[in-house]
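Hi,

Here is the structure I promised to pass on. Have a look at it first, and then read on for what I found in it.

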Amino acid sequence: MQPATQAWWFAAVRLLGTVLLGSTVGWLFGNTWGGLACALVLHLAWVLANLFRLEWWLRHRSYADPPDVGGVWGEIIAQIVRLHRRKRFHKQRFVQLMRQLQRSTAALPDGVVILNAQREIVWFNRMAGRLLNLRRVGDLGMRVEHLLRAPEFVRYLAGHDFSNPVTVRTTSGEDGFLSLQVAPYGEGQLLLLVRDVTRQMRLEAVRRDFVANASHELRSPLTVISGYLETLAQEGGLDPELKGPVAEMRRQAERMTTIIRDLLELSRLEETEEIEGGVPVDVAALAALLRKDVLARPVHPHEVRLRIESPLQLVGDEPEIHSAFSNLVDNAAKYTPAEGSIEIRWWADEEGGHFAVTDTGMGIPPEHIPRLTERFYRVDRGRSRATGGSGLGLAIVKHVLQRHGARLEVQSEIDAGSCFVCHFPPQRLVPAQRALTSATG
Ligand code: ADP
């Protein structure tokens, strides 16, 4: 029999014994009910005394020993002691875990901030406090955008795409940069990861400056070389044996000029972040111009169709948009045979404006598509060189689109053709009428 069951049996027997003893003694004295009542009162007093000891011990259990009682009361006290021990064990483990967690987050080289669904700061580690100038007293419970006011971050937080981090300048006076990335978890809570990227940004700036300076320095000597080569090619008395090499040298000098021009354009695009506003660009007129350029090539796809399905205009930097669209149309013309065709399409819907260039050319193997916008990335080096490509065209397209809050989508099938679509956000679109007034006004 279980000790608890045994204790209950014992309590029942004791109660029965008390009842029998009380009524027998009462009967002997000629008052059975009185004897029974006395016995029950004594029993009740004993129960109350045990209850009192139990309640007193529960109040002072942190230092007092449990009362030494047997029977059911002893069982109840033993159960409470066991529960209490288990609770203390779990609490100690929890505290240990919390300390370990705190120590490990303090040792993290990155800052971590926990935000609740209202974007209020719930907790942050030491590094986050250092990088964001947060104070434990005062800043806990504050909305994060009230403390981190960089417009890029406020916009990032208001959006729903947290797949990439956003880079902002440090809030302290120093010329530093922070990378902020949000990771949603639980029910609306956010984990904000903060990293100091000042060193990377400086290295990036050094690299950018180097490329820009080197391209700039190379431009002048190349102009002189190209000039002499041109004069030499036009020279009547040029040795016929030299004609071929001079023509090849001119072609290569032209390629170098294109590469340097594109490198300079890329460095210029990298200098500033997103473009706010701009002028309205008449996409229909631009597309017609690009179509003409393709048809003016000595060899070009036999059909170049225009599908302008929206009268809306695109607000942005006109030369940049021209450069991006012309790169896409140029590529379609370069990589599509004469018997193929190209379609230039412009349309708008609730998601924004879309400019697509579709060709029936050679297509691109799927494994190359994610890397197309990298500098000097070519699917087929020989093919690109033969067409005079610099390998920088799509990198320029990507940068221009980024600066306009737009993105590039590429679909392609080998030997069937490719489709490059630029998706612009709706706020970049204006009706032609408004465009006219803002252009003239
Ligand atoms: P390039 O100056 O070499 O054309 P880009 O950056 O413009 O450089 O393009 C990168 C590579 O992507 C090209 O070398 C080419 O292999 C491929 N590519 C771009 N557009 C097309 C297209 N419409 N059809 C097939 N391949 C393309």
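Before the tour, one term: two strands count as paired here if DSSP finds at least two bridges between them. Also keep in mind that this is a predicted model.

Eight bridges join β4 to β5 (residues 189–196), and the two run antiparallel. β4 (residues 177–185) is also joined to β3 (residues 166–169), again antiparallel, by four bridges. You can follow Leu180 of β4 both ways: Val166 stands opposite Leu180, and in β5 the bridge partner of Leu180 is Val194.

Now the overall layout. The protein chain is divided into domain 1 (3–103), domain 2 (108–196), domain 3 (200–271) and domain 4 (279–440). Taken over C-alpha atoms, the centres of domain 2 and domain 3 are separated by 45 Å.

Which residues of α1 and α2 meet? On the α1 side they are Arg14, Leu15, Thr18, Val19, Gly22, Ser23, Gly26 and Trp27, and on the α2 side Thr32, Gly35, Leu36, Ala39, Leu40, His43 and Trp46. By class, that contact has seven nonpolar, seven polar and one charged residues.

Helix α2 also holds Asn50. Is Asn50 buried or exposed? Asn50 has a relative accessible area of 5%, so it is buried, the cut-off being under 20%. Setting aside its neighbours within four places in sequence, Asn50 is in contact with Val69 and Trp73.

Strand β12 (residues 417–424) is worth a stop. Eight of its eight residues are buried. Both faces are covered: Gly417, Cys419, Val421 and His423 lie on one side, with Ser418, Phe420, Cys422 and Phe424 on the other. β12 pairs with β10 (residues 352–359) in the antiparallel sense over seven bridges. In that pairing, Gly353 stands opposite Phe424 and Ala356 stands opposite Val421. Seven bridges also join β12 to β11 (residues 407–413), likewise antiparallel, and Glu413 has Gly417 as its bridge partner in β12. β11 and β12 form a hairpin with three residues between them, where Asp415 in the turn has a positive phi of about 65°.

There is a second open sheet, this one of three strands in the order β6-β8-β13, with antiparallel pairing. Here β6 (279–281) and β13 (429–430) are the edge strands with a single partner strand each, so one side of each is left without a neighbour in the sheet. Two bridges join β8 (residues 313–316) to β13, with Gln313 standing opposite Val430.

α11 (residues 318–334) lies across β6 and β8, running at about 115° to β8.

Last stop: helix α13 (residues 393–403). Nine of its eleven residues are buried, so α13 is largely enclosed by the rest of the structure. Those buried residues are Gly393, Leu394, Ala395, Ile396, Val397, His399, Val400, Leu401 and Arg403. What do the buried residues of α13 pack against? They pack against α9 (240–271), α11, β11 and β12. After α13 comes Gly405, whose phi is positive, near 65°.

Over to you, and enjoy exploring.

Best wishes

Methods: Residues are numbered from 1 along each chain as its sequence is written. This is a predicted model: local features need pLDDT of at least 70, side-chain atom pairs count only at pLDDT 80 or more; totals for chains, interfaces and linings use all residues. Side-chain values use heavy atoms; hydrogens and water are left out. Buried means under 20% relative accessible area, exposed over 50%, partly exposed in between (1.4 Å probe, protein chains only). Domain bounds come from an automatic or database domain assignment. Contact means heavy atoms within 4.5 Å. Ala, Val, Leu, Ile, Met, Phe, Trp, Tyr, Cys and Pro count as nonpolar, Asp, Glu, Lys and Arg as charged, and the others, Gly among them, as polar. Axes are lines fitted to C-alpha atoms, for helices over the stretch in contact, and angles run from 0 to 180 degrees between N-to-C directions.
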